[in-house]
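Try each task before reading its solution.

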Amino acid sequence: RGAGPPMSAPPTIVWLACLWASLASASSDARISARNLLLTPDTPFELSAQPGCFKWIAADTSIVKVASVGGTAGCPSGSGSSSRLTTRSLHSGAAASATTMVLAVRLESDGSESNTDPAAGDGLGCEINVARVTSLSISTTTREMVAQDDEIQWLEVEAHDAEGNTFSPPALQALAFRWVWDGSADLDFVELEYTRQILDAHLSSLDNERARAYYRVAVHATTENPRVLATATLLNRSSSALPLVSSTVPIRVLPAPIMLWPGRRVALPPGSHLQYHLCKTGPTQRCWLPTDLDAAAARAAGQGAAHPPTRWSVTGPPGVGVLSPSGIFSALARGEADVSMRHVAAKIHSAKAPVVVAYPRSMLLRAAPAAAAAAAREAVRLDPPRCLHEPPPPHPAAGPGGGDGVPYRYAPGDEDRRPILYLVMGESRHASLHVLGTDPASASQGLLLNGSAPLPLLPPPASILDAHLRPAVTVREWPAGTGRPPLVVAGMAPVGEVGRACGGAFDECLVGGAPPGAPPIATCECRELRAAPPPEPSAHGRAPLDASVDGSVDASLDASLDASLDASGGRWVDVSVDASLAASPDGWWGALGTSLPVRILHPLALLKPTHTLPWVCGALAAGWSLPALSGGSGCVRWSVEPASPATSPLPAAVGPGGGAPLRLLSPGPFLLRATDARAAQASIVARALSARVARLAVVLCSSLAHAAHAAAAATLPPPELETEVGLPGVELAVLFLGPDGAPLAFDACAELTVQWRLSSPPGKGPAPFAAAGGGAQGEARCEPQCAALPATHAADSGATAPVTAAYSCAILRLQAEAVGPASLSLHAAAPCEQASLRHTAPLYAYAHPGQPRVQMCAQAPSPDPADPAEELILDGLPSALVAAALGGGKPIWTANDPSALSVAVAPHAAG
């Protein structure tokens, strides 16, 4: 079909032509039910012919198979007036369509073919075309309906193949469709028995559930909506169609003069009741209790005038419920019905709304998302790589008939695990509690109301306190015995606050489509969960948690990871919020329950408010660690933010998924934000700096404090680098100086290394120094905290007291092996060479002088009568001499300078 005639006729076509010629003289009064059909693969269908008995023949049995023959009374064997047939599958790789003929050959009573009318026309047969559905369309009789009016409309699917041909009704009858209306209930199905219409035999044979999946459905409008989108999606997962074939049609729903509220399909359990309101539309929009509207209409009619009240009725199975004259529906038994009202004063206007009475089947307890976490909701769903996982609290079943209260299991990477609600200490969150019912229109437990949501039962009025209708909510601590309640469940939010408090929860917690002035109707109970504020710091504090997503955990945390942590000293507290509903006294449903695991976290806290890293060049800019944190869930995502609006471009970037490593892009300040991956409402910001290393300096570790101060002040010369031969060794500290000459302090610098080499002056032989382990060259790695620089208080010497700080350095450990000078060459080991990161310093090794006696003479200054003693300062002295003088037991001390001595002298005495 569609490929042109073949070069030569295949045997099947030759045989078919011969058979067709033999039928040319068949009686012209013979008729067949269809002459041409377009069907889907694997579709059963039926053909019939009359009058008489017929032999049914499929020309190509690989396309169509004759399954059975019917209407065989009085007919020769193998013949009858009808036949059940089935199309075959279109095999993978086969053509998009196939065509064959089904022939009906009339037989005489003796079984011979009828051939009594030589003037007969064409033979009796039906062309069968088989193809897959590639598109749908929806036909309507009107695109405009009136809400809650008695009118109904049939929405009908038309299916098409790749060439745009329309499939025949037998193909559509064998398919199933999912009908939805724009995510709301502005349209509703009309049950077949209430259409009050004569239906075809096939549709009449369907139950309500299958009728809702038929290609023709009856609907009526429930709520005003200028544009309702009705969508039909083909559900058959077979060779019948391409996947996800659907079509949508817009329908406008106009308001009625007086409407029922609620007008959408709502559900409640037996024993509960619902108050209906009447709402006027148009310029004076207002909702009334039915009794108030009747009273207002009576006053408008005048005193003494006859005014019949609003007439109420329930249409549906008997015993579902009853309506009072004041518009209160009382649910009695399981089923579905229409609540109808007729308001005589409004020109005999009537309106109806569907209502369902259903048994509770399960419970759902769900927390509304935190406002601060709304933007990060997608990020929370997947854990960053190598997070620190801890098992959540056990989740036992809630009781007999426990609904979804199954044992709770957790494994890292399990995408189907029950979600845990993460709260930060001191945080409040609203949770919605839903009781879900079994839809009486469906035999399945998982029916989706209009294909969009389960069937929530309206909470009972406040006057109903029965345990089988009013859920109970409690908090179960895990582990038990904590000192104070870590979580409190407050009472229900007022109905007027439900939309705001639980608006982000399942089904928005409200019946939608409310007209102006209508009282809100909740579909859930909205409870507030309040986490206790953070405890006062204890004597033990709490262990820091390295929450970096590279998975590294500080060794000091190992013991606490397996410890039993309580509310005062742990990283989190686990509790369970349990909800339960008692069994029905009539045995209609058993006890139900559900639980919401809650993990209460300590707030995120930085161990240091700043994070400084070295910048040498772009080639040494990757692989840096992120700041250490405490609190939270142990799993964070990092992001880089500008330090000021003018910062562009950003000086750093984090790894994929907001994890390690941190990459430096340029020197400069920036901000690092840590957001808890499981509790996105918890975040904290650290100030970070990519600090440029401008040059190197080297000092003796024994004089690090003075040398660091001297380099920072840029006023004092650095001390000599010397040591005595034979001592255990000498430690040198390589400082990293910034552009201002001040030593830099890094929070992490392990990737920054310094290469060093020792040499002696030309012609002096080997260098008198060597590394502690041997060798004249090597590499030293940067240490974040080299030594502390204490504050000094030497006002008389004019020195400025620096702030106590920690500086980073690389430590060299050398051994003096002979007397003499040496040269120490340094350069920062980086893939990119920079001349400013090279430094050369002289070293000197000396021998011990024995026990020399050194006498120093100086003229004492003129005596001051007001001062009983004087102080003589001698500076510029070798450090070895200073050390010897200090060890001689004389009244001598240093004057804040390792190369100077201060000597006390008596008044009027010669120095």
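Predicted model: local features only at pLDDT ≥ 70, side-chain atom pairs only at ≥ 80, totals over all residues.

Residues are numbered from 1 along each chain as its sequence is written, and side-chain values use heavy atoms, with hydrogens and water left out.

**Exercise 1. Count the links**

Task: State how many disulfides the structure holds.

Solution: A disulfide is a covalent bond between the sulfur atoms of two cysteines. Next, apply the cut-off: a pair of cysteine sulfur atoms within 2.5 Å. The structure holds 5 disulfides.

**Exercise 2. Cys 279 and Cys 287**

Task: Describe the link of Cys 279 and Cys 287, then its handedness. Are Cys 279 and Cys 287 buried or exposed?

Solution: Step one is distance. The sulfur atoms of Cys 279 and Cys 287 lie 2.0 Å apart, and the two residues form a disulfide. Step two is the torsion. It is 110 degrees about the S-S bond, and the link of Cys 279 and Cys 287 is right-handed. Step three is accessibility. Buried means under 20% relative accessible area, exposed over 50%, and partly exposed in between (1.4 Å probe, protein chains only). Cys 279 has 1% relative accessibility, so Cys 279 counts as buried. Cys 287 has a relative accessible area of 14%, so Cys 287 is buried too.

**Exercise 3. Cys 502 and Cys 526**

Task: Find which parts of the chain the pair Cys 502 and Cys 526 ties together.

Solution: Check the bond. Cys 502 is joined to Cys 526 by a disulfide, S to S 2.1 Å. The torsion about this S-S bond is about 85 degrees, so the disulfide of Cys 502 and Cys 526 is right-handed. Now place the ends. Cys 502 lies in the loop between α7 (495–501) and β33 (525–531), while Cys 526 lies in strand β33, so the pair ties together parts 24 residues apart in sequence. Helices (H or I, at least four residues) and strands (E, at least two) are DSSP runs, numbered from the N terminus. Finish with burial. Cys 502 is buried at 0%, and Cys 526 is buried at 1%.

**Exercise 4. Cys 509 and Cys 524**

Task: Work out the handedness of the disulfide of Cys 509 and Cys 524, and say where Cys 509 and Cys 524 lie.

Solution: The S to S distance from Cys 509 to Cys 524 is 1.8 Å, and a disulfide joins them. The torsion is about 115 degrees, so this disulfide is right-handed. Cys 509 is in the loop between α7 and β33, and Cys 524 is in the loop between α7 and β33, 15 residues apart. Cys 509 is buried at 0% relative accessibility. Cys 524 is buried at 3%.
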